[in-house]
Amino acid sequence: MGCVESMNYEIVLRDATFKESRDFIKKTYAEFRDVEPGFKVFDVHVIGLPPIAIGLDGDFVIFPYTKPCHGTFLLRVEDKEEVARLRAIKK
Amino acid sequence: MTGESTTQPATALLVLGCPQVPVQTSIALYLINRLKKAGIVPTVAGNKAANTLLVVADPDRHYLGEVMDLDRAIVMITEKKRDFDRCFVFIHNDAGVTYAGTMSAISKAKIYTIIYGEHYEELLKQMDFPCTPIAAKAVHNPLPLKKALDEVAPWAA
């Protein structure tokens, strides 16, 4: 998995269950894409119970990141190119 | 040479969860032993703490074979560079459920979920993907989980 620590991220939600993080994205962001586990966002293979919701908000990507001991975090990262790539995915 | 077939041994991946519940390390070593006796090659994937608990407990590698970082295992399976015949996911929290669902989606392995801890019944209800659950209320005492594992005998399947 890519190194999340090298990203300039903001934590939107922490210590959530995976389902809570998915519901949060769908309720909070008008635009999102559903992807399968293993889909690459930036350099990270996202994990989760399919479908995994990836939020899009302006130039920001919001995606789940799960750690075995700390549950699921939602990370918000600004990147125009990645947002454009994700927007090109059919809903 | 022609006509010769090379049969690869069966393989298994043990996906470890957070090691904060003591039975995980004990059951992992027990399962590795049973798999090896059945001729199945086990690989362990966990975070640094979970892996180190096993490596320190088995310095001469009587039980342990390959041990790898969990994130690396996810990448290799996702990129189809490697896969396993069986996959055992240790679950005592929501992150464990998340990893199990992921393995079910990305791997062709037969998935076994090993569910334990104080909240094992709630976690068991969340197994809504193809898997064989092995569950017991075990926190410090591994025997209830060992019993559940022996009843399923995944090394013989």
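Guide: Three residues of helix 6 (residues 143-152) of chain B are buried: Leu145(B), Ala148(B) and Leu149(B). They sit on the same side of helix 6 of chain B, because the arc they cover around the axis is only 100° (the arc being that of the directions from the helix axis to the C-beta atoms).

A word on terms before going on. Buried means 20 or more other C-beta atoms within 10 Å of a residue's own, exposed means 12 or fewer, and partly exposed is in between, with C-beta atoms placed from the backbone. Helices (H or I, at least four residues) and strands (E, at least two) are DSSP runs, numbered from the N terminus. Residues are numbered from 1 along each chain as its sequence is written, while chains are lettered from A and ligands numbered from 1 in the order in which they are written. This is a predicted model, where local features need pLDDT of at least 70 and side-chain atom pairs count only at pLDDT 80 or more, but totals for chains, interfaces and linings use all residues.

Back to the helix. Leu143(B), Lys147(B) and Glu151(B) are exposed on the other side of helix 6 of chain B. The buried residues pack against helix 1 (23-37) and strand 6 (132-135) of chain B; contact here means C-beta atoms, placed from the backbone, within 7 Å of each other. After helix 6 of chain B comes Ala153(B), which has a positive phi, near 45°.

Now the chain around it. Chain B has 6 helices and 6 strands, and along the sequence they run β-α-β-α-β-α-β-α-β-α-β-α. Of its 157 residues, 45% count as buried. The radius of gyration of chain B is 15 Å, which agrees with the value near 15 Å for a compact globule of 157 residues (taken over C-alpha atoms, with the globule rule being 2.2 Å times the number of residues to the power 0.38). Its C-alpha atoms fill a box of roughly 55 × 35 × 30 Å along the principal axes. If you take the contacts in chain B between residues at least 6 apart in sequence, 60% join residues at least 24 apart.

On confidence, chain B has a mean pLDDT of 95, with 97% of its residues at 70 or more (pLDDT is the predictor's confidence in each residue, from 0 to 100). The model as a whole scores ipTM 0.91 and pTM 0.93.

Helix 1 of chain B, one of the packing partners above, spans 23-37. Ala28(B) is in contact with Leu14(B), Leu16(B), Val44(B) and Leu54(B), leaving aside neighbours within four places in sequence. Ala28(B) also belongs to the largest nonpolar core, of 72 residues, and is among those with the most contacts inside it, along with Ile54(A), Leu14(B), Val15(B), Phe88(B), Val89(B) and Ile114(B). Such a core is a set of buried Ala, Val, Leu, Ile, Met, Phe, Trp, Tyr and Cys residues joined through C-beta atoms within 7 Å.

Then there's the other chain. Chain A has 2 helices and 7 strands, in the order β-α-β-β-β-β-β-β-α. Of its 91 residues, 37% count as buried. Across the interface, 18 residues of chain B are in contact with 17 residues of chain A. Helix 3 (70-78) and helix 4 (94-106) of chain B each supply at least two residues of the side of chain B that touches chain A, and the largest share, 9 residues, comes from helix 4 of chain B. That side has 9 nonpolar, 7 polar and 2 charged residues (nonpolar: Ala, Val, Leu, Ile, Met, Phe, Trp, Tyr, Cys and Pro; charged: Asp, Glu, Lys and Arg; polar: the others, Gly among them).

Two residues bring the interface down to detail. Thr98(B) is found in helix 4 of chain B and counts as buried, with 28 C-beta neighbours inside 10 Å. Not counting residues up to four places away in sequence, Thr98(B) touches Phe18(A), Ile47(A), Gly48(A), Leu49(A), Thr66(A) and Thr72(A). From chain A, Pro37(A) lies in the loop between strand 2 (31-35) and strand 3 (40-41), and with 24 C-beta neighbours inside 10 Å it counts as buried. The contacts of Pro37(A) include Gly101(B), Thr102(B), Ala105(B) and Ile106(B).

How values were computed
Two residues are in contact if their C-beta atoms, placed from the backbone, lie within 7 Å.
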